[in-house]
Amino acid sequence: MQRTWKDIFKDYNTQQPIFKNKDALSDRYVPETVCHRDEQMKHVAKIIAPAIKGDKPSNVFVYGNTGTGKSLILVYITNEMARNTDKARVLYVNCKMKRVSDTEYRLLAELARQLGRDLPATGLPTVEVYKTFIEALEAEGKTVILILDEIDSLVKKTGDGILYNLTRLDQDLSKSKISLIGISNDTSFADGLDPRVKSSLSEEEIIFPPYNAAQLQDILLQRALLAFNDGVLGEGVIAKCAALAAQEHGDARKALALLRIAGELAERENLLGITTADVDSAEDKLDLDRVVEVVKAQPKQSQAVLAAAIRLSESGQKNIQTGDVFSVYEDVCKSSGIKMLTQRRISDLIAELDMLGIINSRVISKGRYGRTREIRILLGKNVLDKIKASLKDSYLLG
DNA sequence: GTTAGTTCAGTTGAAAGCAATATTATCGGCTAC
DNA sequence: AGCCGATAATATTGCTTTCAACTGAACTAACGA
């Protein structure tokens, strides 16, 4: 029987064979308990405990790669603490959020907003915002723990002046106290800071090591129980996700993404269970998305060079050299009307594409016949197709 | 057969031009004194 | 007068071009046994 598109919606509503609660696999989900971070949790708890009695905890600096549970644990513990006392208040800001908290003004405005003060998006002098913020803090009359997530991006954008001000804020407060928790995934971040900021911000430091495969497996298992219906998970699915993510700096976020996408793929195929094959496809998809994103993010010129290289390799030519790419590139430029760059620059662009792992090139000397880069394209077929499609969209190929 | 020299087809590095972006300086309007 | 936001002026940055030196093995030719 031919099924119409309406059936797809109907199916989606009525039957949910795979997922019970997909949110459990999202990276914002805060689970009941957290695995394999006992040491870090104890450390954090010990540091912020004074806040329960209304004292000021030390400032903390938290380091760790992406997907090592930094944000999760900080949010988890501080929430837990806030439940147990009315003497403390937690403010959480992700400094990377565009147009919300990526400048001094916006950050302060956002904080004040969290404390119930409304501030216009622009217009007020920065000092005024500071005043409002301090006033709001005072009105709170509690120990305020300020979590600055992805603090490195804030500092990179706006300098460490804000941090300096924030660390000194305490002196202007009489009824309230404030302590800072900075979260960064760049370990060398603190080196570039003003020494005064550095010393006062990193009174305590906590490092989150990457998860190993076994730990990832526990985490996945815990989430999988919540996320999936009984019996849909095939043998070895979780182990495979864990192993793949462990290879890549023990990133739990990636592990969860793999599992989620594997589930989505199985669901889309109307399968009743998830198999390790789905995990493989999920990895392909993640990989593919990554590469395609990278290509799309490249400047036009770089894409044109890639288009030229692809065209050459499609035409079956072996041993593609810089000169070949350059002359095809000239055609590409002419037909798509973009400005032509010099051979010199193309040479560099090819080297860049090589760095990105999109193409493979190496310098070889061909003796009497000079010296050049030999270029090969090493993308899988479906990745290549997607890239070609995207290049066609921008009229570089066709 | 060896050795020294050539040659090709780019590679690589430095310096400088140029445009876009970010930072700083300046100006006019507004409030507070 | 002092301060704000807006605008103009300046500095920084990133990309690109120009110039020029450099590369390294295939190829050649001269050398010596």
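Two exercises with worked solutions follow, and both concern a predicted model.

**Exercise 1.** Describe how helix α13 and helix α16 are arranged, and determine which residues make their contact.

*Solution.* 
Step 1. Locate the helices: α13 covers residues 300-314 and α16 covers residues 381-393.
Step 2. Consider the geometry. The two axes come within 11 Å and cross at roughly 125°. Angles of 65 to 115 degrees count as roughly perpendicular and those over 145 as roughly antiparallel, so α13 is oblique to α16. The crossing is left-handed.
Step 3. List the residues. Helix α13 contributes Q303, L306, A307, I310 and E314, while α16 contributes L384, I387, K388 and L391.
Step 4. Sort these residues by class: 6 are nonpolar, 1 is polar and 2 are charged.

**Exercise 2.** Characterise the protein surface around DNA strand B, and identify polar contacts made there.

*Solution.* 
Step 1. Find the surroundings. There are 14 residues around DNA strand B, of which T322, R344, Y369, G370 and R373 come nearest.
Step 2. Examine the DNA side. Of the atoms of DNA strand B within 4 Å of the protein, 56% belong to sugar and phosphate.
Step 3. Inspect individual atom pairs. For S347, a side-chain N or O atom is 2.9 Å from a phosphate oxygen. G370 instead places a backbone N or O atom 2.9 Å from a base oxygen.
Step 4. Assign the surface to elements. Two or more residues come from each of α14 (322-336), α15 (343-355) and β8 (371-377).
Step 5. Classify the surface: it has 2 nonpolar, 8 polar and 4 charged residues.

Conventions
Residues are numbered from 1 along each chain as its sequence is written. Chains are lettered from A and ligands numbered from 1 in the order in which they are written. This is a predicted model: local features need pLDDT of at least 70, side-chain atom pairs count only at pLDDT 80 or more; totals for chains, interfaces and linings use all residues. Side-chain values use heavy atoms; hydrogens and water are left out. Axes are lines fitted to C-alpha atoms, for helices over the stretch in contact, and angles run from 0 to 180 degrees between N-to-C directions. Helices (H or I, at least four residues) and strands (E, at least two) are DSSP runs, numbered from the N terminus. Angles under 35 degrees count as roughly parallel, over 145 as roughly antiparallel, 65 to 115 as roughly perpendicular and the rest as oblique. A crossing is left-handed if the near helix is turned anticlockwise from the far one by less than a right angle, and right-handed if clockwise. Contact means heavy atoms within 4.5 Å. Ala, Val, Leu, Ile, Met, Phe, Trp, Tyr, Cys and Pro count as nonpolar, Asp, Glu, Lys and Arg as charged, and the others, Gly among them, as polar. A residue is near a molecule or strand if one of its heavy atoms lies within 4 Å of it. A polar contact is a pair of N or O atoms within 3.5 Å; within protein, one must be able to donate a hydrogen and the other to accept it, and residues adjacent in sequence count only if both atoms are side-chain atoms.
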